[in-house]
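Here is a short briefing to read alongside the structure. Take a moment to look it over, then follow the points below topic by topic.

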Amino acid sequence: MSDELQRYRAQIDRLDDEMLRLVNQRAALAQQIGRLKEDGAVLRPEREAQILQRLLQANRGPLSGAGIRQVFTEIISNCRALEAPLRVAYLGPHGTFSEAAVSQRFGQATEGLPADSIDGVFAAVESGTASYGMVPVENSTEGAIGRTLDLLLDSTLQICGEVLLQVHQCLLSNENDVAMIRKVYSHPQSFGQCQGWLNAHLPHAERITASSNADAARLAADESFAAAVAGEQAAAHFRLKVLARNIEDDARNTTRFLVIGKQAVAPSGRDKTSLVMSAPNRPGAVHDLLVPLAQHGVSMTKLESRPSRTGLWEYVFYVDIEGHQSDTEVAAALAQLKQIAAFVKVLGSYPVAV
């Protein structure tokens, strides 16, 4: 071993010792802050977002932004766990993209609670079985998740955060060759994300829907000549071979998840507000709903219509706007909206995904 290599390794050892000391010092401070909190809330989404945003802006490399986010998410996760365990419900079973979204947002020092449906995630949080829930709300290829939108309309829970998860689909199987596959299991959204690849490589294979990608992997693991479209994490969990990677038709394929809970989130400085509203049944009513946003300079980032389930051809509109509901201009726009809309419900204000 050269003297130069030894010097570099000695420097790394010293830095590791210093980082260990500093991380534990940070953890001790987090414990002190936990004792001073009057409401007992373990999770402060706005504060965690501010920390990550500041660190990403200060990062000069060579570590990537994604690497910095991952490292500090785990540090925050372990410090948070010293206050109290955090239980997060998600669409299970183990190995789903929802579970991956929980890890990306909350880190590994979190107790995941798999639910058998999106309804089950909401129920777990509403009952107090879980502190928060992670639910998919839209995919960049396949669009909105209708069941999540319907439950947000009816539930008393609030949106506390969002996660953008880049989704890479794989073909998983017990078999060794794609040519041996006669049936494919997956969630309908994943089938939609991989239509082109499946049409080209498995045009004659039967496609069977499952409640989740991980459930599809479980079904494929019990059969011969079967495969599942799912994430690579499901392959490890169900001991399946990865026959093909990145089979999604759009390499930018991303799913947006929402964190739901009973907590109202304070402003972080880079926030988003989600609401749902309906218009009175008269000409120009939908246009009128958008006027308050324009008048107060509030940017709208999403507009999604959905059947209201209260009458034939009646709709509600899901809207995302920039800013926190306590911001002066946003508050003024919302107050004006409530005067002209047939119905308005603010679903929550929360930090923009970091």
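The lining of the largest cavity draws at least two residues from each of α6 (146–154), β11, β14 (315–322) and β15 (343–351). Among these, β14 gives the most, with three residues. The model is a predicted one, where local features need pLDDT of at least 70, side-chain atom pairs count only at pLDDT 80 or more, and totals for chains, interfaces and linings use all residues. Residues are numbered from 1 along each chain as its sequence is written, and side-chain values use heavy atoms, with hydrogens and water left out.

**The cavity**

- A cavity is a set of points on a 1 Å grid over the protein atoms alone where a 1.4 Å probe fits but cannot get out, and lining residues have an atom within 4 Å of a point.
- Searching the whole structure turns up one cavity of 30 Å³ or more.
- The space in the largest cavity is about 70 Å³, where a volume is the space filled by probe spheres set on the points, and grid points are joined across faces, edges and corners.
- Its lining has 13 residues, and L149, L258, S274, K302 and D320 lie nearest the centre.
- By class, that lining holds nine nonpolar, one polar and three charged residues.
- For these classes, Ala, Val, Leu, Ile, Met, Phe, Trp, Tyr, Cys and Pro count as nonpolar, Asp, Glu, Lys and Arg as charged, and the others, Gly among them, as polar.

**The pocket**

- A pocket, in contrast to a cavity, is an open set of points with protein on both sides within 12 Å along at least five of seven lines.
- The largest pocket holds about 460 Å³ of space.
- There are 17 residues in its lining, with R26, A30, I33, R47 and I51 nearest the centre.
- Three helices, α1 (3–36), α2 (45–58) and α3 (65–83), each supply at least two residues of this lining.
- The lining of the largest pocket divides into nine nonpolar, no polar and eight charged residues.

- Helices (H or I, at least four residues) and strands (E, at least two) are DSSP runs, numbered from the N terminus.
- Strand β11 covers residues 254–261, and seven of its eight residues are buried.
- Buried means under 20% relative accessible area, exposed means over 50%, and partly exposed is in between (1.4 Å probe, protein chains only).
- Two strands pair if DSSP finds at least two bridges between them.
- Strand β3 (residues 132–139) runs antiparallel to β11, and six bridges join them.
- In that pairing, M134 has V259 of β11 as its bridge partner.
- Strand β5 (residues 158–166) also pairs with β11 in the antiparallel sense, over eight bridges.
- Opposite T254 in β11 stands Q166.

**Loops with something to notice**

- Most residues other than glycine have a negative phi, and most peptide bonds are trans.
- G61 and P62 are joined by a cis peptide bond with omega about 10°, and P62 lies in the loop between α2 and α3.
- Another cis bond runs from G92 to P93, with omega near 5°, and P93 is in the loop between β1 (87–91) and α4 (97–106).
- N246 has a positive phi near 50°; its place is the loop between β10 (241–244) and β11, and N246 is partly exposed at a relative accessible area of 47%.
- F225 has a positive phi too, near 60°; F225 sits in the loop between α9 (213–221) and β9 (226–230), and counts as partly exposed because its relative accessible area is 30%.
- A130 is in the loop between α5 (118–127) and β3, and counts as buried because its relative accessible area is 4%.
- A130 and L86 are 44 residues apart in sequence, yet 8.0 Å apart in space, C-alpha to C-alpha.

**Charges over rings**

- A charge sits over a ring if NZ of Lys or CZ of Arg is within 6 Å of the ring centre and within 35 degrees of the ring normal.
- The ring of F225 has the charged end of R182 over it, 4.1 Å from the ring centre.
- Likewise, the charged end of R105 sits over the ring of F106, 4.8 Å from the centre.

**The whole protein**

- The protein has 12 helices and 15 strands.
- Of its 354 residues, 45% count as buried.
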